[in-house]
Amino acid sequence: MTTRIGIVADRVGWEERALIERASHLGLRVDWVNDESLCLGAVDAPSVADFDALLIRSRSYTRGGLLAALAEAGGVRVHNSAAAIHACENKLVLRAVLREAGVPVPDFRLVLSRADFAAALDDLGMPVVVKPVYGGMGKRVTLIRDRDLANSVYDHIEDLGHGFEQAYLAEPFLAGGRSIRCLVVGRQIVVTAEFRGAGGDWRSNAALGNRSRSLAQTPEVRKIVDAVVDRLGPGIYGIDLFDTAAGYLVNEVNHAPAWRGVAETTDLDIPAAVLGHLQEVLV
């Protein structure tokens, strides 16, 4: 019987299409499952019960975590695990669990009020970067170089109106360091690439059109990636590192990573590596 895998996502993007097209060559059936149509909650999860596994690739962090939790509760194999997705979707939780596990992360302060923000600026100094606890693709990440701008930025944060959108992290701006993406499948790093800002943008993020180039895997990078996977469990991750004078720091871990940008830096068949991992864990 052919193994059937559902890609849970809000749309079929470049990576999802590549997985679907590659699947038949590996004896798999891979189908897109619209994450807006599952209506999960029944004990036996009937809308996904026919799949041997689900690969969660929702662009919405909140939506992906909720669906993963309910599918797992209904007895369906989910990748990445609901626990890993919940850790990755919340930047504060991720920083806390990695730091507790001894994984180096940037210094940060949780900002929930204007008083928090003022204290964070005093502690961290200028320049500082603020980013929402929930969010990705470099959106609403702001570099602040002076106090006057800081007050104006926080006016916008306060006026967003939704409590979860007002939860921010403040962290030092790590000027001069490289931004590195490690695409991990299972426990293995399949690609390591350096991101470089495009068009003068200081942010390093593939979704912003950053250029990338292949990097050799070093023992230091492998050690940190191993520590992240030890804490979150084997899976499919985009692990973003800052290369600083003090060593590597884990900035973020993406549980539904895009790899179109890093695919240009390697001859490796990334869709085959992802699907091969799923085959292995389903045996």
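Start at helix α9 and select its buried residues: I270, P271, A272, V274, L275, G276, H277 and L278. You are looking at a predicted model.

**Stop 1: helix α9**

Now show the whole of α9, residues 270-282. The helix has 13 residues. From first C-alpha to last it reaches 19 Å, close to the 18 Å expected at 1.5 Å a residue. Step back to D269, which caps the N-terminal end of α9. A side-chain oxygen of D269 lies 3.1 Å from the backbone nitrogen of A272.

**Stop 2: strand β1 and G6**

Next, select G6 in strand β1, residues 3-9. Is G6 buried or exposed? G6 counts as buried, because its relative accessibility is 0%. G6 and A53 are 47 residues apart in sequence, yet their C-alpha atoms are 6.4 Å apart in space. Beyond its sequence neighbours up to four places away, G6 touches D31, V33, F51, A53, L54 and L55.

**Stop 3: the largest nonpolar core**

Move to the largest nonpolar core, a set of 25 residues. Select L98, V228, L232, I239, L241, V250 and V253, which have the most contacts inside this core. Then colour the elements that give two or more residues to the core: α3 (82-89), α4 (91-100), β9 (178-186), α7 (219-232), β12 (235-244) and β13 (247-254). Which element gives the most to this core? It is α7, with six residues.

Zoom in on V250. Leaving out residues up to four places away in sequence, V250 touches R95, L98, V103, P104, V105, P106, I224, V228, I239, D240 and L241.

**Stop 4: helix α4**

Go back to α4. Its buried residues are K91, L94, R95, V97 and L98. Helices can be read by their turns: with 3.6 residues a turn, residues three or four places apart point the same way. What covers the buried residues of α4? The cover includes α3, β6 (128-132), β8 (168-172), α7 and β13.

Look at both ends of the helix. At the start of α4, a side-chain oxygen of N90 reaches to within 2.9 Å of the backbone nitrogen of L92. Just after α4, select G102, which takes a positive phi of about 85°.

**Stop 5: salt bridges**

Side chains of opposite charge can pair when their charged atoms come close. How many salt bridges does the structure hold? There are 20.

- Select D10 and R59. Their side chains meet in a salt bridge, 2.8 Å from N to O. D10 lies in the loop between β1 and α1 (14-23), and R59 in the loop between β3 (53-56) and α2 (61-73), so the pair ties together parts that are 49 residues apart in sequence. R59 is partly exposed, at a relative accessible area of 44%.
- Select D155 and R114. The closest N and O atoms of this salt bridge are 2.7 Å apart. D155 is in helix α6 (residues 147-158) and R114 in helix α5 (residues 114-124), so this pair links distant parts of the chain, 41 residues apart. D155 counts as partly exposed, at 38% relative accessibility. R114 is partly exposed too, at 31%.
- Select D243 and R178. The two side chains meet in a salt bridge, 2.9 Å from N to O. D243 lies in strand β12 and R178 in strand β9, so the pair ties together parts that are 65 residues apart in sequence. R178 is partly exposed, with a relative accessible area of 27%.

Now select K91, R95, K131, E171 and E252. Salt bridges that share partners join these residues into one network. K91 and R95 were among the buried residues of α4.

**Stop 6: the cysteines**

End with the cysteines. A disulfide is a covalent bond between the sulfur atoms of two cysteines. How many disulfides does a search of the whole structure find? The search finds zero. Select C182, which is in no disulfide. The nearest cysteine sulfur, that of C88, is 14 Å away. C182 counts as buried, at 0% relative accessibility. Finish at C39, which is exposed, with a relative accessible area of 79%.

Definitions and conventions: Residues numbered from 1 in each chain as written. Predicted model: local features only at pLDDT ≥ 70, side-chain atom pairs only at ≥ 80, totals over all residues. Heavy atoms only, no water. Helix = DSSP H or I, 4+ residues; strand = E, 2+ residues; numbered from the N terminus. Expected span 1.5 Å × (residues − 1). Buried < 20%, exposed > 50% of the residue type's maximum accessible area, 1.4 Å probe, protein only. Polar contact = N/O pair within 3.5 Å; in protein donor to acceptor, adjacent residues only side chain to side chain. Disulfide = S-S within 2.5 Å. Core = buried A, V, L, I, M, F, W, Y, C linked by side-chain atoms within 4.5 Å. Contact = heavy atoms within 4.5 Å. Salt bridge = Lys/Arg side-chain N within 4 Å of Asp/Glu carboxyl O.
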